[in-house]
Amino acid sequence: MKLHIKNGRVIDPANGVDAVQDLFIVDGKIAAIGAAPAGFAADQSIDASGLVVAPGLVDLSARLREPGYEYKATLESELQAAMQGGVTSLVCPPDTDPVLDEPGLVEMLKHRARIVDQANVHPLGALTVGLKGQALTEMAELTEAGCIGFAQAEEPILDTTVLLRAMQYAKTFEYTVWLRPQDAHIGRGGVAHAGPLASRLGLSGVPVMSETIALHTIFELMRATGARVHLCRISSAAGLDLIRAAKKEGLNLTADVGVHHLHMTDADIGFFDSNARLTPPLRSQRDRDAIRAALVDGTVDAICSDHTPVDDDEKLLPFGEASPGATGLELLLALTLKWAQDQPHGAQDAQGALALAIGKITCEAARIAGLPAGTLGVGAAADVVLFDPAARWLVDGKALASQGKHTPFLGYELAGQVRATVVRGRVAYQR
Amino acid sequence: MPILHNNPQLNKNGELQHLLTIEGLKKSHIDHILDTASSFVGISDREVKKVPLMRGKSVFNLFFENSTRTRTTFEIASKRLSADVINLNIQASSTTKGESLLDTIDNLAAMHADMFVVRHAQSGAPYMIAQHLNRTRSDVHVVNAGDGRHAHPTQGLLDMYTIRHYKKDFTNLRVAIVGDILHSRVARSDIHALTTLGVPEVRAIGPHTLLPGGLDQMGVRTFTNIDEGLKDVDVIIMLRLQNERMSGALLPSAQEYFKSYGLTPERLALAKPDAIVMHPGPMNRGVEIDSAVADGSQAVILPQVTFGIAVRMAVMSILAGTHA
C-alpha cells in the first residue's frame, strides 16, 4: 500500500519541518518527505492543498470507558471519535470497572483495540490494586501486557508510605508514575474551584492547596526515590510555580494540562452549567493565564483532551450531583489551535505558535508516554492527520462521534477541522 | 451554550419569570415585591383571609429536602391567593424509585402545574428545573425555596421587608449577619439583597471556619470578634447553627460557640439602642442566641414570620402574572 499526500503544509515539530511538501507512505511507514522515493507509484493519493499535514495526535488522557462503563461509551464509538479528532495514539487511565490492575484485563483491552483497528490504545496500569492505595500491582506483568506507565487516576493514595513504596518499585524497573496531584482530604467532595464564585454559588470548593500540598509530597518522594513522574492535568498557577522550580532543580518530571483549562475559568459555570463540571475544576482567570504561559515556557510539556464521556443520566443533574468530565477527543485539535491563534505571549509569531501548539499534542506527548509516535520522520509509523486550520465548525453534541455529548464548548464555533486521519499508512477517516 | 448563559429567572422583557436568587435582581424588582407584599399584609387580619389572584392555579410544593416551616408558609401564602396547593415530599417518593429529577418535573408539568416551589439540598437544582421548563413549558414558574448553600430568596426578601418595616431607609444602615455564613443560603440571599438596596455596610461575623472566602468581593466586611462586629449596628441577623456542625472539625462545641458568638443582652448592648434582632428560625436557644434576647423587646423574629406570608404571596402573585 503506497499513499501519496501532496501539496500540504507539512508541520512536523519533532523534526523542525514547516513547509509545503509531499509526503510518501509505503507499507505503513513514512518513506519520504519532499521527493518521491525511487520507484514510488501511489495506490492512493490525497490532495492536501490548503491543509496542514501533521503527525497524528497523541492524547495523554482519554477515557474509553471499557471495560465496565459501556453504557457511557464503547471502544467503537470512542475510537471513531479519535479518528474524527485526528488522534492516532491515546493513553487511557486505569479507572475502568474492573480497574486495569491485572494483565488479563489489559490484554483484553489491547486485543479489543486491535480488532477495532483505529487509534493505537496505550493503557496505564493501576499503581495499586483496585486503585485502593494499599497493595502494589504486578507492574512488570502489566508492562508486558502493554501498560506504558502506572497511575492512580482520580484516587489519591491515603497512605503516603504506599506511595513511597510504589515509586521505589516503579523506579526499580524505570517505569513512569502518572499522578494527578490532589490531596486525599482537602477538597474531597468539592465540585468547583474554591474561590469567590464557589462561595457565591454555594458550591463546595476544591482549594488550590489540594494540588500544591500533593505536589510538595510528590517532589519529596521523587527526591527520595529518583522515580520518574508525569504530572497530569495541572490546574493552578501555584502548582505550576512549584513544577517550574522542581524542573529547574532537575527532578525527572513532565506535566500536562487538560485542554479545557486553556480557555475556560470557573466563571464559565455560569448558572450552574453541569457541562462545566470538570476534574480538576476550572479555576480562576489568573490560573488559566498561568497555564497558557507555562505551555510557552515549557513548564507544561503537553496538552491532553481529558476525554471523559458522561451520559445524560449522570450529567443532567444539579451541578454538585453531576458526574465530572467532558467529551474531548474531537475538540482537542481545534481547542489547541485556538490557543495558538490567541497568541497570548507575543514572543511567538503565528507560524511558531502553530508549531509549538502542534508539538504539545504530538511529539511532546509521545516523548512523555515513551511512544515512537508524534513524528513524520522517515521510517516512523505513518500516523498522520490532515486538517484545514481555517475551517470553522459548530460544536454540536449530535454531530460528535463520541458517545459523550457533553462539553462546556457546546454551541461554540471553533476553527480547525480534520479532513483525514491516517493510521499505520491506512486512511482510516476522511471527510 | 448561549441559552444557559441568559439569566434564566428573567423573561425577554427583563421581568421575573422565576425567582431563583436575589443576585442580579434590580432594586426595582425588589421594591416591587416589597411594595406588593405590603398590600397583602392586611389580608391576614381580615375575617376572610383570601384574595382571588391565583384562583384556579395549581402550586406544587416540591420539597426534596425536609422543611416544615418554609413549606407551611408557602402553603398558607398559596391558599390566601386562592390557589390549589399540592404538597409533595419527593424525598420519600419518586427519586428513591430511581426517577430522575427532570422526569419528575415533566410528569408534574403534564398535570398542569402552574408553579413549582422547590427546595433541594443541591445548590443550583432550581436552576436546572427552571432552565428545563424554559425550554419545554415556558408557562410554568419556579420559586426557589432554598437550594443547598446557594440561595433562599424569599427568606432574603422577607428579611428586607422586616428591615424596611422597622428602619424605613436602607441607605444609612449597618447590618451584621452572625454565625455559620459558610453553609447559609439565607446569608447569601441577605447579602445580595442588602447590597442591592444600598446598605452601606454589611458585616459578617463568625469564626474563620464558618466564613467562606470571597466575602469581600460580595461587598461584605468580615469580623471574627463579635464584640467588634456588633458595634453600632442597626440590624443583627442571627443564623441557625445546624446540630451536626456544633462539634467536629468546624467547631469544638456548642458551649464554646455560645461563649464566643452567642447573642447575649450584653453583646446586644454594643449595637445601636434601637437595633433589631432577626433570626430565620428555627432558633437554638443557648447556642446562637440567649433567650433573654430572643424574647426581648428588640427581637422581631415573630413579625418576620408574619411578613414572610405576605412576601411569599407577593412573589407568587407577581410570577403568576408574568408571561414568558
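Helices, of at least four residues, and strands, of at least two, are taken here as DSSP runs numbered from the N terminus. In the predicted model, the secondary structure of chain A amounts to 12 helices and 19 strands. Chain B contains 12 helices and 9 strands.

The overall dimensions of both chains follow the expectation for globules. For the 431 residues of chain A, a compact globule would have a radius of gyration near 22 Å, and the value of 21 Å computed for chain A agrees with this. Along the principal axes, the C-alpha atoms of chain A occupy a box of roughly 65 × 45 × 45 Å. Chain B has a radius of gyration of 19 Å, close to the 20 Å given by the globule rule for 324 residues, and is therefore as compact as a globular protein of that length. The corresponding box for the C-alpha atoms of chain B is roughly 55 × 45 × 40 Å.

In chain A, 58% of the 431 residues count as buried, and residues 24 or more positions apart supply 76% of the contacts with a separation of 6 or more. In chain B, buried residues make up 49% of the 324 residues, while residues 24 or more positions apart supply 80% of the contacts with a separation of 6 or more.

The largest nonpolar core comprises 123 residues, and those with the most contacts inside it include A:Leu23, A:Val53, A:Phe150, A:Val177 and A:Leu332. Helix H10 of chain A (residues 332-342) gives the most to this core, with 7 residues. When residues up to four places away in sequence are not counted, the residues touched by A:Val177 include A:Leu127, A:Phe150, A:Met167 and A:Val229. Another core, of 116 residues, lies apart from it and has B:Leu25, B:Ile33, B:Leu101 and B:Met313 among its members.

In chain B, 5 strands form an open sheet with parallel pairing, in the order E7-E6-E5-E8-E9. Strands E7 (220-223) and E9 (276-278) of chain B each have a single partner strand and stand at the edges, so one side of each is left without a neighbour in the sheet. From one strand to the next, the twist averages 20°. Strand E6 of chain B (residues 201-205) runs parallel to E7(B) and is joined to it by 4 bridges; B:Ile205 stands opposite B:Phe223 in E7(B).

The contact between the chains involves 26 residues from chain B and 21 residues from chain A. On the side of chain B that touches chain A, the elements giving two or more residues are helices H1 (2-5), H4 (101-110), H5 (125-136) and H7 (185-196) of chain B. The residues of this side comprise 12 nonpolar, 11 polar and 3 charged.

Several backbone features were also noted. Most residues other than glycine have a negative phi, and most peptide bonds are trans. A cis peptide bond links A:Glu66 to A:Pro67, with omega about -5°; A:Pro67 lies in the loop between strand E6 (57-59) and helix H1 (75-84) of chain A. The peptide bond from A:Asp97 to A:Pro98 is likewise cis, with omega near 0°, and A:Pro98 is placed in the loop between strand E7 (87-92) and helix H2 (103-116) of chain A. In chain B, B:Ser82 has a positive phi, near 70°, and is partly exposed, with 14 other C-beta atoms within 10 Å. B:Lys168 has a positive phi near 65° and counts as exposed, because 9 C-beta neighbours lie inside 10 Å.

Key
Residues are numbered from 1 along each chain as its sequence is written. Chains are lettered from A and ligands numbered from 1 in the order in which they are written. This is a predicted model: local features need pLDDT of at least 70, side-chain atom pairs count only at pLDDT 80 or more; totals for chains, interfaces and linings use all residues. Two strands pair if DSSP finds at least two bridges between them. Axes are lines fitted to C-alpha atoms, for helices over the stretch in contact, and angles run from 0 to 180 degrees between N-to-C directions. A nonpolar core is a set of buried Ala, Val, Leu, Ile, Met, Phe, Trp, Tyr and Cys residues joined through C-beta atoms within 7 Å. A residue is buried if 20 or more other C-beta atoms lie within 10 Å of its own, exposed if 12 or fewer, and partly exposed in between; C-beta atoms are placed from the backbone. Two residues are in contact if their C-beta atoms, placed from the backbone, lie within 7 Å. The radius of gyration is taken over C-alpha atoms; the globule rule is 2.2 Å times the number of residues to the power 0.38. Ala, Val, Leu, Ile, Met, Phe, Trp, Tyr, Cys and Pro count as nonpolar, Asp, Glu, Lys and Arg as charged, and the others, Gly among them, as polar.
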